[in-house]
Amino acid sequence: MDALIQTLNQGFMAQLGPVWGPPAWALAKAVTMVVMVVVPLLIFVLYFQLVERWVIGWIQVRKGPNRVTFFGIKALGGLGQPVADAIKLLLKEQIVPAGANKWLFLIAPALSVAPAMAVWAIIPFTPNWVIANVDAGLLVVLAMTSMGVYGVILAGWASNSKYAFLGAMRSAAQVVSYEIAMGFALVGALMAAQTMNLTQVIARQDGAYGALEWFWIPLFPLFIIQFIAGVAETNRHPFDVAEGESEIVAGPLVEYSGMTWSLFFLAEYANMLMVATLSTILFLGGWLTPIPHAWVELIPAGLLRMPFDSGIHWMLAKMAVLMFFFLWIRASFPRYRYDQIMRLGWKIFIPITIVWIVVTGVMLMEPVRDWPPFSIWFGK
């Protein structure tokens, strides 16, 4: 990939000349990288819904979507379902309720989905594949993901519906509660990495011991809390009280239909993938291989070694495993009561994260950081 970019760079520079070459190439490179991130993300959101229905059907011993095909080819049973759903949503009429604030009603979905898409600009997929290598990358992630709740609040208020407003308030309280727990969990990861640059966080987990050098071992309680808090922040089951059908119909989304409704779910699935990506980067070594380097070196160089070397395929595999846990949790647990959700966030998660931050600080102190096994993670 780097060699291809360098070759294209030289070609553009030769054609555009010394004056316009660098700015034009920088713009073209940025646009290309944005397209290469956004398009797969949209395709993922489109087809992950199909995977979700298949996996939950498998867990519950039933079949998922298996009828809609492309051009009647039975071997592709179910693969046309996301396309059919997208066409259906495009053709559905968008109704604005009487008495609603029309502009805020229509802006709310965009306010939810825009931060969920923009945050991917700072996610490193390989050491050299990141749109914006920001030094304070983790702060940008937190700032962007925290903005999504404003779209939910606006959707509930602008709908001029008591059900929608009640769901929006419940969602806001839940997100604020678990945002604190997630923030504390990320503080522990920052202390261990001693940097807020996401690329450097992964580099700090690189070493001779493979998966044993990743931060998931010394920060295991923070890793679990960060992931569960991410499930709660994305309003996923069993934390989906904002749209508890048996209580408040569909919560803040009750008055939405068509594409505006689908934008909220686009934001939800993009945020799910972001939670999995953040867990992968901070605790599971990002693109790093779990195999110790000495074992990889025993494999002859070339195509045979490539799958075992560090690369984007390892990052995607880790993200896929964490995304499967989203589905497993949904298929296994009943929805919590609202008071149980708030108690879990404030009385269990936050105290545990505070205690483990103190423990992490002790592990980072000298001479503790140089003692085994702490030297594996902190003695670099």
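Rings of Phe, Tyr and Trp (its six-membered ring) count as a pair if their centres lie within 6.5 Å; planes under 30 degrees apart are called stacked, over 60 edge-to-face, and the rest tilted. With that in hand, Tyr178, Phe239, Tyr336 and Phe349 make up one aromatic cluster. A word on the source: this is a predicted model, where local features need pLDDT of at least 70 and side-chain atom pairs count only at pLDDT 80 or more, while totals for chains, interfaces and linings use all residues. Residues are numbered from 1 along each chain as its sequence is written, and side-chain values use heavy atoms, with hydrogens and water left out.

**Aromatic rings**

- There are 17 aromatic pairs in the structure. One of them joins Tyr256 and Phe264, and it is edge-to-face, with 5.1 Å centre to centre and 75 degrees between the planes.
- Tyr256 and Phe264 are both buried (buried means under 20% relative accessible area, exposed over 50% and partly exposed in between, using a 1.4 Å probe and protein chains only).
- Lys102 lies over the face of Trp103, at 6.0 Å from the ring centre. For this, NZ of Lys or CZ of Arg must be within 6 Å of the ring centre and within 35 degrees of the ring normal.

**Helix α11**

- Helices (H or I, at least four residues) and strands (E, at least two) are DSSP runs, numbered from the N terminus.
- Helix α11 covers residues 312-332, and at 1.5 Å a residue its 21 residues should span 30 Å. That expected span is 1.5 Å times one less than the number of residues. The end C-alpha atoms of α11 are 31 Å apart, which agrees.
- The buried residues of α11 include Trp314, Lys318, Phe326 and Ala331.

**Pockets**

- How do we tell a pocket from a cavity? On a 1 Å grid over the protein atoms alone, a cavity is a set of points where a 1.4 Å probe fits but cannot get out, and a pocket is an open set with protein on both sides within 12 Å along at least five of seven lines; lining residues have an atom within 4 Å of a point.
- Grid points are joined across faces, edges and corners, and a volume is the space filled by probe spheres set on the points.
- The largest pocket holds about 1,100 Å³ of space. Its lining has 43 residues, and those nearest its centre are Gln49, Leu89, Trp261, Phe265 and Tyr269.
- Two or more lining residues of the largest pocket come from each of α1 (2-59), α2 (81-91), α9 (258-283) and α11. The one that gives the most is α9, with nine residues.
- By class, the lining of the largest pocket has 21 nonpolar, nine polar and 13 charged residues. Here Ala, Val, Leu, Ile, Met, Phe, Trp, Tyr, Cys and Pro count as nonpolar, Asp, Glu, Lys and Arg as charged, and the others, Gly among them, as polar.
- The second largest pocket holds about 480 Å³. Of the 20 residues lining it, Met36, Pro40, Phe125, Ile312 and Leu316 are closest to its centre.
- The lining of the second largest pocket takes its largest share, seven residues, from α1. It divides into 16 nonpolar, three polar and one charged.

**Cavities**

- Two cavities of 30 Å³ or more are counted. The largest cavity has a volume of about 430 Å³.
- The largest cavity is lined by 25 residues, with Glu233, Thr234, Asn235, Glu268 and Asn271 closest to its centre.
- The biggest giver to the lining of the largest cavity is α9, with eight residues.
- The second largest cavity has a volume of about 30 Å³, and among the residues lining it are Asp206, Trp214 and His293.

- Most residues other than glycine have a negative phi, and most peptide bonds are trans.
- Asn235 has a positive phi of about 60 degrees although it is not a glycine. Asn235 sits in the loop between α7 and α8, and it is buried, with a relative accessible area of 12%.
- That loop, between α7 (220-233) and α8 (245-248), is also the place of Pro238, which a cis peptide bond joins to His237, with omega about 10 degrees.
- Another cis peptide bond joins Glu366 and Pro367, with omega about 0 degrees.
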